[in-house]
Amino acid sequence: ELDFVLQAVCRAFSAPYASLALYHNKQCVVCNTVGFPGGRLTWSLSACPWNLMCKMPQTIACGDLLEDARFADQPWTRQGLRTYCSAPMLASNGERLGSCCFMDNMPRKVDAGMCRLLNNFGEIAVRVLERHIDLAVRLEEARQTARQLSDETAYNSQSLLEPVKVLESCPVEDV
């Protein structure tokens, strides 16, 4: 489902690259991508965390990375990326999860409408993630319940066999 969201991002913005990045312990995990491989990055090598570092998470729109001091010397800028737009992904409880972004090799103007649309794509991605997390939690709860029932059934089976074992141990007299 997340790949479909990213494909829609690329189509909506006519962009060759898009990604969903999740943040954990000062690491940026680029988990879903279009146009390039994902993987783990430290915060210093990723543009993604910039939209979550401020007090109020915000969309970052950079029409020309070479003209932005934050990004001009980054390896991915030197390799040809020129446009970067990233929307923060916030969970329903307000937790900062990551970002949804698109990139291009050509500089371009990124306007407020494009930022709003990218925010909407990020929101869709968050809902998909939360649904998967909710399903994983429910599945684990079902597994725990099944283990408990299995343990109780095994205990009850053993308890039912105790009288039989007692009878089997009694001596039988021939009459």
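**Group meeting: a first walk through the model**

From the N terminus on, the elements of this protein run α-β-β-β-β-α-β-β-α. That gives three helices and six strands. Keep in mind that this is a predicted model.

Some totals. The protein has 175 residues, and 35% of them are buried. Its accessible surface comes to about 11,000 Å². Carbon and sulfur atoms hold 58% of that surface. Now the contacts. Take those between residues at least 6 apart in sequence: 53% join residues at least 24 apart.

Let's go to one residue, C85. It sits in strand β5, residues 83–90. Is C85 buried or exposed? C85 is buried, because its relative accessible area is 0%, and the cut-off for buried is under 20%. What does C85 touch, leaving out residues up to four places away in sequence? The list is T59, I60, A61, C100, C101, F102, V110, C115 and L118. One more distance here. D104 is 19 residues from C85 along the chain, and their C-alpha atoms are separated by 9.3 Å.

D104 leads us to R108. R108 is found in the loop between β6, residues 96–104, and α3, residues 112–169. Which side chain does the side chain of R108 meet in a polar contact? That of D104, at 2.6 Å. The R108 side chain also reaches the backbone oxygen of S14, at 3.1 Å. Again leaving out residues up to four places away in sequence, R108 touches F13, S14, A15, G63, T83, F102 and M114.

Look for F102 on screen. F102 touches C85, and F102 touches R108.

Key
Residues numbered from 1 in each chain as written. Predicted model: local features only at pLDDT ≥ 70, side-chain atom pairs only at ≥ 80, totals over all residues. Heavy atoms only, no water. Helix = DSSP H or I, 4+ residues; strand = E, 2+ residues; numbered from the N terminus. Buried < 20%, exposed > 50% of the residue type's maximum accessible area, 1.4 Å probe, protein only. Contact = heavy atoms within 4.5 Å. Areas by Shrake-Rupley, 256 points an atom, 1.4 Å probe, with all protein chains shown as cover. Polar contact = N/O pair within 3.5 Å; in protein donor to acceptor, adjacent residues only side chain to side chain.
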